[in-house]
Amino acid sequence: MKISKKLVYCVATLMMVCMMLTACGTPVSSVVTAEEGYAEGEVGTTFRTVFFDYSVDSVAYPSEYEGYVAEDGYQLLDAVISIKNTFGEDLPMFNSDFQIQWHDLGNGPNDYDYGIILDGSSTVMPDEYTLAKGEKCTYHIIYEVPADAKEFSVSFQELFDNDTEGDLFFTYFNK
């Protein structure tokens with residue numbers, strides 16, 4: 001069977017066009033919003049809340065952080081979180097806005113905690129601060145979690161001035 005030069009040329013041209021389209025494609029960055037009051041993702045997922053966009057950019061398990069060492073039976077978990085104020089006005093922010101949960105120990109109601117406060121640190125999220133309109137910040141939140149925990153999530157719950165709750169967001173990861 002003889003293959004015509006036109007057919008070879010057409011196939012080669014189609015292959016080149018497909019490769020060029022693939023190479024020129026720009027990655028689509030997705031922003032996750034809550035559906036029916038809930039959203040989940042993994043490290044690197046950007047969430048859109050009513051107040052700000054945020055992501056847990058990375059997670060590490062240092063033996064110490066700026067001289068702070070975990071108590072016996074615990075380990076440190078360092079979550080790097082980026083936040084951009086999209087609300088249109090200054091926002092009061094708190095280290096306790098982002099809670100850690102561990103899921104694999106079955107401890108029940110005590111399977112969560114909040115970040116530690118390291119006064120004077122320029123890298124750890126302060127206990128309380130203001131995020132200006134349009135401002136973006138990145139902080140470490142250092143959590144102390146059980147040493148044998150391996151499955152975690154960092155959560156954020158929208159809370160409003162009238163004491164009502166909004167959407168709930170979870171970033172899941174494993175050690």
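Asp-53 lies in strand E4, which spans residues 52-60, where strands (E, at least two residues) and helices (H or I, at least four residues) are DSSP runs numbered from the N terminus. The model is a predicted one, in which local features need pLDDT of at least 70 and side-chain atom pairs count only at pLDDT 80 or more, while totals for chains, interfaces and linings use all residues. Residues are numbered from 1 along each chain as its sequence is written, and side-chain values use heavy atoms, with hydrogens and water left out.

Asp-53 counts as buried because its relative accessibility is 12%, the term buried meaning under 20% relative accessible area, exposed over 50%, and partly exposed in between, with a 1.4 Å probe and protein chains only. Beyond its neighbours within four places in sequence, Asp-53 is in contact (heavy atoms within 4.5 Å) with Thr-46, Phe-47, Arg-48, Ser-82, Ile-83, Lys-84 and Thr-86. With one of these residues, Arg-48, the side chain of Asp-53 makes a side-chain polar contact at 2.8 Å; such a contact is a pair of N or O atoms within 3.5 Å, of which, within protein, one must be able to donate a hydrogen and the other to accept it, and residues adjacent in sequence count only if both atoms are side-chain atoms.

Elsewhere, strand E13 (residues 151-159) runs antiparallel to strand E9 (residues 98-102), joined by five bridges, and two strands are taken to pair if DSSP finds at least two bridges between them. Within this pairing, Gln-99 has Ser-155 of E13 as its bridge partner. E13 is also joined to strand E14 (residues 165-174) by eight bridges, again in antiparallel orientation, with Glu-151 partnered by Asn-174 in E14. E13 and E14 form a hairpin with five residues between them, and Asp-163 in the turn has a positive phi of about 65°.
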